[in-house]
Structure formats: structure tokens, C-alpha cells
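Biologist: I would like to learn how to read a model like this one. Can we take a few features in turn?

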Amino acid sequence: MSDLPRHSPRRQHAGESAVTAITSPEDTTKAVVIYSGGMDSYTVLHRALRAGFEVHALSFHYGQRHSRELETAHDVCQRLGIAHQVVDIRAIHGLIGNSALTDATQTMPDGDYDADNMAATVVPNRNMILLSLAIGHAVNIGANVCFYGAHGGDHVLYPDCRPEFVERMNDVAAIADFTPVRIAAPYLHASKEEILADGLAMGLDYAQTWTCYRGAERSCGHCGSCRERLAAFAAQGVTDPLVYADAGASD
């Protein structure tokens, strides 16, 4: 167990691991994991299981352009035999639909994952909405910790994946109900490469994940999400187990 303050995310110090502690002394045995079906949340899910939590996974359908990640999440949870709910919140699509991830009329940007060309993929207030629902679920089932897969590579683009956001959400989650809830993001300071390294060390099979922003039969290999994934595998000297529509994308 960690000796971290219960409701404050730990900041990374120079020279230490980018993967933060996942438990706190006052944690319940139950934990809620926001599980999209992608690489990051897949690794978080297994980290929570390895830490001994009784995991309750939540996936959300908020009007994404495709449901490949949700199908993948369902299959993984079924194989693992863990509680899993896909929560349909598509009724709010009209409130947050101005994103390339939720509006099929917008062009999905290709290229590297940076603020210049990937701003169109920001879904307004997404993680605050999902965390709010996850916190409510945690209180409802007697859990006091919610995990999600924010990571260091997202900081340049997504405000709701930055340490400041996690810190403020922890402040709110501590007072929003009679039961305080801790928000945990174990990869908050880690890169995609470091997340992959941690998952490979756990022996995880990343064929059981979906990353591509497009929902075709095979990953495109060209959108920012695919390119970031492929770069992580290349940096680890490992071949991505997914098959790509463009065979040359994984070279």
C-alpha cells in the first residue's frame, strides 16, 4: 500500500518512475475503472486487478463515430469475468457533438498526435462527465476509488488529462457526497511508450485493444491515435499484434 494522501494525486519527482502508485491505505476492496477498450484503460484495468481490487468496469457510449472500442471492452471483461456496464449516454450527443470523434461529417485528421492537427478530436468536457458518473457509481456500490487512463502524452492537447484537472477533480470528489472518492490516474505522468512497457511487463496481450479513431475492420495506421500507438511499439522494439489496413503503416 502507498502512503499517499488519500485525495491528492502524487506529483512526479525527477528520476522516479512515471507510473504512480495505484493504491492508498484507505481504499475499499472495490474500485471503478473507466474502461474504453483502448490501450491505456486496458493497462489501467489490469493494474487495478493486479493490485487486488474487485474491479467494476464502466464503458460509455456518448455518440462516438464507432463502437469498436466498446465491443473490445465487452469481450475483455467477459473473458476476465469482471463486472462491466456499457452506459448509454447518447442523449447528450447534441451537447458535446462538435468533435471529429462524435461528428461523422467532420474530417478525421491524420498525422502525429499534437495540438496543431488533433484539436478537432477534443470532445468537450468528456472526462469530467465520465468521471462524474463513475464517482456516482462508486458511491452506489461502496467503492471509494475511480481509475482512468489519462497519461502524459495527452497533456499537450487534452485539458481533462492534465495533472491540474485530476487534482481539482479529486478535490470535488472528496466533498461531492457523504462518501469521499479518490480519482486515480496511475499513468498521469507516463508516455504511451511507458504505459506499453508496463503492460508488456505484466504479459498483457494488446491484440485485445482497439485504438484507431476510425471504426473499420482494421486499424487505419494513419490517424493520430494509431500513429502514437505504433510509435510506442516501435520504441519498445515489439511488433503491434493488430493488423492494419495499410500494411506499411506498422513498418
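Modeller: Start with a single pair. This is a predicted model, and in it I34 stands opposite L58 of strand β2.

Biologist: How many bridges join β1 to β2, and do the strands run parallel or antiparallel?

Modeller: Five bridges join them, and the strands run parallel. β2 covers residues 54-61.

Biologist: Which strand do two bridges join to β1?

Modeller: That is β4, residues 145-147, also parallel to β1. There, V33 has F147 as its bridge partner.

Biologist: Is β1 largely enclosed or open?

Modeller: In general, side chains in a regular strand alternate between the two faces of the sheet. In β1, residues 30-34, four of the five residues are buried, so the strand is largely enclosed by the rest of the structure.

Biologist: What is the volume of the largest pocket, and which residues are closest to its centre?

Modeller: A probe the size of a water molecule, rolled over the atoms, shows where empty space is left. Here the largest pocket has a volume of about 180 Å³. Its lining has 14 residues; R68, T72, A207, T209 and W210 are the closest to the centre. The lining divides into six charged, four polar and four nonpolar residues.

Biologist: What should helix α8 span?

Modeller: At 1.5 Å a residue, its 13 residues, 224-236, should span 18 Å. The end C-alpha atoms are 19 Å apart, which agrees.

Biologist: Which residues of α8 are buried?

Modeller: An α-helix has 3.6 residues a turn, so residues three or four places apart point the same way. In α8 the buried residues are G224, S225, C226, E228, R229, L230, A232 and F233. G237 follows α8, with a positive phi near 70 degrees.

Definitions and conventions
Residues are numbered from 1 along each chain as its sequence is written. This is a predicted model: local features need pLDDT of at least 70, side-chain atom pairs count only at pLDDT 80 or more; totals for chains, interfaces and linings use all residues. Side-chain values use heavy atoms; hydrogens and water are left out. Buried means under 20% relative accessible area, exposed over 50%, partly exposed in between (1.4 Å probe, protein chains only). Two strands pair if DSSP finds at least two bridges between them. On a 1 Å grid over the protein atoms alone, a cavity is a set of points where a 1.4 Å probe fits but cannot get out, and a pocket is an open set with protein on both sides within 12 Å along at least five of seven lines; lining residues have an atom within 4 Å of a point. Grid points are joined across faces, edges and corners, and a volume is the space filled by probe spheres set on the points. Ala, Val, Leu, Ile, Met, Phe, Trp, Tyr, Cys and Pro count as nonpolar, Asp, Glu, Lys and Arg as charged, and the others, Gly among them, as polar. The expected span of a helix is 1.5 Å times one less than its number of residues.
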